[in-house]
Amino acid sequence: MTPRLRYDTTAKVFHWLIVALLLMQYAIGWLMPDIHRGMTPGAGMIFHISFGITILVIIVLRLVWRLTHPVAPESTLPPWQRLSSGLVHWTLYILVLATTLTGWLFASFRGWSISFFYLFPLPMLASDNAAASKAIDGLHQVAEWTLLVFVGVHVLAAFAHAVVYRDRVMQRMLPG
Ligand code: HEM
Ligand code: HEM
């Protein structure tokens, strides 16, 4: 498949939708009440899990779109920047998948039944398992923090291109 030179509208919509959903997801994650033994998930947790599953579905669709609509790196980039940006982008896809899947596993091992935005019951990946739930809780936090670090590197790089290098990299992901 010949790579295109620009991101199409679908790729841009997926990109900014994930950015908006992640902002919301971190805010809910940190603001919702801490969990404790035997608790029933409240509205904060129901929204966190529902948005999380939405992010998982969108990142899978986005990944399929990316694989079927490859985009070449900006032609003016030196080889080290092509390589490092490619590595960071693929790591971001993997980390979003890891964060959502560890969260879903954690909720499943707690034995919760959760509805998707109060509309219909969400399928769970496993049954009640206290030891597994404790182990996977740590992994969800590692994944969420590692994702945040890579997002930080990615955003700094994007702004470095816009402000320091003043090339067209930032433009590639903006509307138009
Ligand atoms: C990329 C998507 C996600 C992000 C960025 C994210 C982020 C977070 C954050 C920031 C917290 C608070 C943890 C802390 O206090 O350090 C949290 C907790 C939690 N998340 Fe997520 N989450 C995501 C997806 C999911 C999904 C899909 C589920 C379940 C289906 C989920 C289930 C949970 C649960 C059960 C907790 C409470 C347990 C804990 O404190 O670790 N998360 N998440
Ligand atoms: C203010 C926040 C952000 C800005 C300004 C930004 C900017 C950009 C730009 C300019 C590109 C194109 C880079 C290129 O063509 O080489 C890009 C690509 C990308 N961004 Fe972001 N981004 C932001 C947030 C995020 C977040 C939160 C994620 C988390 C998943 C993310 C994931 C990606 C991925 C995976 C690509 C590569 C797309 C592909 O080739 O499939 N970005 N971003």
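Modeller: In this predicted model, a strand is a DSSP run of at least two residues marked E, and strands are numbered from the N terminus. By that rule the stretches 115–116 and 120–121 can be named β1 and β2, and Y118 is found in the loop between them.

Colleague: What makes the phi of Y118 worth a remark?

Modeller: Phi of Y118 is positive, at about 65 degrees, although Y118 is not a glycine. R166, which lies in the loop between α4 and α5 (169–172), is also a residue other than glycine with a positive phi, in this case near 50 degrees.

Colleague: How many helices and strands does the protein chain have, and which pattern do they follow along the sequence?

Modeller: There are 5 helices and 2 strands in the protein chain, and from one end of the sequence to the other they run α-α-α-β-β-α-α. The C-alpha trace spans about 55 × 25 × 25 Å along its principal axes.

Colleague: Why is α1 called oblique to α4?

Modeller: Helix α1 (residues 9–31) packs against helix α4 (residues 130–165) at an angle of about 135 degrees, with 13 Å between their axes. That value makes α1 oblique to α4, because an angle must be over 145 degrees to count as roughly antiparallel and between 65 and 115 to count as roughly perpendicular. The crossing of the two helices is left-handed. On the α1 side the contact is made by H15, L22, Y26 and W30, which meet E144, W145, L147, L148 and H154 in α4; these residues divide into 6 nonpolar, 2 polar and 1 charged.

Colleague: What makes the arrangement around the iron atom of ligand 2 octahedral?

Modeller: The protein donors of this iron atom are the NE2 atoms of H15 and H154, lying 2.0 Å from the iron atom. Six donors count as octahedral if opposite donors are over 155 degrees apart and all others lie between 65 and 115; the 6 donor atoms here subtend angles of 88 to 179 degrees, and the arrangement is therefore octahedral. The two histidines come from distant parts of the chain, with H15 in helix α1 and H154 in helix α4, 139 residues apart.

Colleague: What makes α3 roughly antiparallel to α4?

Modeller: The axes of α3 and α4 come within 8 Å and cross at roughly 150 degrees. The limit for roughly antiparallel is over 145 degrees, and the angle therefore makes α3 roughly antiparallel to α4. Their crossing is left-handed, and the residues of the contact divide into 18 nonpolar, 11 polar and 2 charged.

Colleague: At what angle do α2 and α3 pack, and which residues make the contact?

Modeller: α2 and helix α3 (residues 79–109) pack at about 145 degrees, with their axes 10 Å apart, and the crossing is left-handed. Residues of the contact include I49, I53, L56 and R62 of α2 and W90, Y93, L97 and W104 of α3. Taken together, the contact residues divide into 15 nonpolar, 2 polar and 2 charged.

Conventions:
Residues are numbered from 1 along each chain as its sequence is written. Chains are lettered from A and ligands numbered from 1 in the order in which they are written. This is a predicted model: local features need pLDDT of at least 70, side-chain atom pairs count only at pLDDT 80 or more; totals for chains, interfaces and linings use all residues. Side-chain values use heavy atoms; hydrogens and water are left out. Axes are lines fitted to C-alpha atoms, for helices over the stretch in contact, and angles run from 0 to 180 degrees between N-to-C directions. Helices (H or I, at least four residues) and strands (E, at least two) are DSSP runs, numbered from the N terminus. Angles under 35 degrees count as roughly parallel, over 145 as roughly antiparallel, 65 to 115 as roughly perpendicular and the rest as oblique. A crossing is left-handed if the near helix is turned anticlockwise from the far one by less than a right angle, and right-handed if clockwise. Contact means heavy atoms within 4.5 Å. Ala, Val, Leu, Ile, Met, Phe, Trp, Tyr, Cys and Pro count as nonpolar, Asp, Glu, Lys and Arg as charged, and the others, Gly among them, as polar. Donors are N, O and S atoms within 2.8 Å of the metal (3.2 Å for Na, K and Ca); water is not among the atoms, so sites may look incomplete. Four donors count as tetrahedral if all angles lie between 85 and 135 degrees; four count as square planar and six as octahedral if opposite donors are over 155 degrees apart and all others between 65 and 115; anything else is irregular.
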